[in-house]
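Biologist: I'm new to reading structures. Could you walk me through one?

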Amino acid sequence: MKNDNMKNQYRINEQIRVREVRIVGDSGSTVVPIREALDMARDEGVDLVEISPNANPPVCRLIDYSKFLYQQKKRQKEMKAKQVKVEVKEIRFGPQTDEHDYQFKLKHAKEFLEEGNKVRAYVFFRGRSILFKEQGEVLLLRFANDLEEYGKVESMPSLEGKKMFLYLAPKKAGVAKKSQQARDREASVAEAKEAAARQEAEQTPSNGGLLANAKISADALKKLTESED
């Protein structure tokens with residue numbers, strides 16, 4: 001159906017009923033009578049394709065019509081790929097959201113940001129729960145911190161009526177920054193490995209030889225890697 005619609009967009013050959021046309025190509029353009037343009041297309045074994053009917057005179061190309069449609073379809077596809085459609089995804093919390101629900105929504109927010117969408121998280125205060133607005137603010141700040149690797153804060157939590165909003169935008173690919181928690185975990189693992197290596201070295205007999213020391217260190221590192229996984 002899409003191909004049929006594209007075919008109907010252009011007139012070709014005898015469908016072009018005007019007195020003269022402007023033919024454009026790599027060598028420039030020239031205005032010729034329609035009959036002469038049709039003869040030129042026939043001599044070259046191609047089609048006369050009208051690409052700009054509203055021009056005066058209409059603009060045409062001498063090209064195989066199937067090839068022309070393929071080029072147009074390819075160009076449209078490339079243009080569509082360049083147009084990044086950013087959607088705003090909503091995440092809703094209550095002021096006393098439990099941990100399981102929080103982690104569930106955090107996972108969805110990560111997916112939204114990785115797909116290039118923005119996230120609008122908000123806490124909805126129903127009735128007297130507006131008294132816990134500070135609690136809602138703390139929740140949203142924690143949410144932003146947990147998503148530090150995936151998104152950047154566009155605006156800090158702000159109360160609008162009965163809702164407190166937080167806006168996050170996706171980080172560009174390749175510039176995501178590790179959160180403080182991730183850096184702390186890596187530092188702890190590195191310290192544990194170093195401490196284990198020192199302990200193994202102290203416990204290893206001095207006459208054990210270099211090969212024995214190397215084997216013990218390798219086994220220790222393997223255990224640490226397995227425990228980390």
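This is a predicted model: local features need pLDDT of at least 70, side-chain atom pairs count only at pLDDT 80 or more; totals for chains, interfaces and linings use all residues.

Biologist: What average pLDDT does the protein chain have?

Modeller: pLDDT is the predictor's confidence in each residue, from 0 to 100. Here the protein chain averages 79, and 70% of the residues score at least 70. Residues 174–179 are below 50, yet that stretch has 13 contacts (heavy atoms within 4.5 Å) beyond near neighbours in sequence.

Biologist: How many helices and strands are there?

Modeller: Both are DSSP runs, numbered from the N terminus: helices are H or I with at least four residues, strands E with at least two. This protein chain has 7 helices and 8 strands.

Biologist: At what angle do α4 and α5 cross?

Modeller: Axes are lines fitted to C-alpha atoms, for helices over the stretch in contact, and angles run from 0 to 180 degrees between N-to-C directions. The axes of α4 (residues 99–114) and α5 (residues 133–146) cross at roughly 45 degrees and come within 11 Å.

Biologist: Which residues make the contact?

Modeller: On α4, they include Y102, L106 and A109; on α5, L139 and F143 are among them.

Key
Residues are numbered from 1 along each chain as its sequence is written. Side-chain values use heavy atoms; hydrogens and water are left out.
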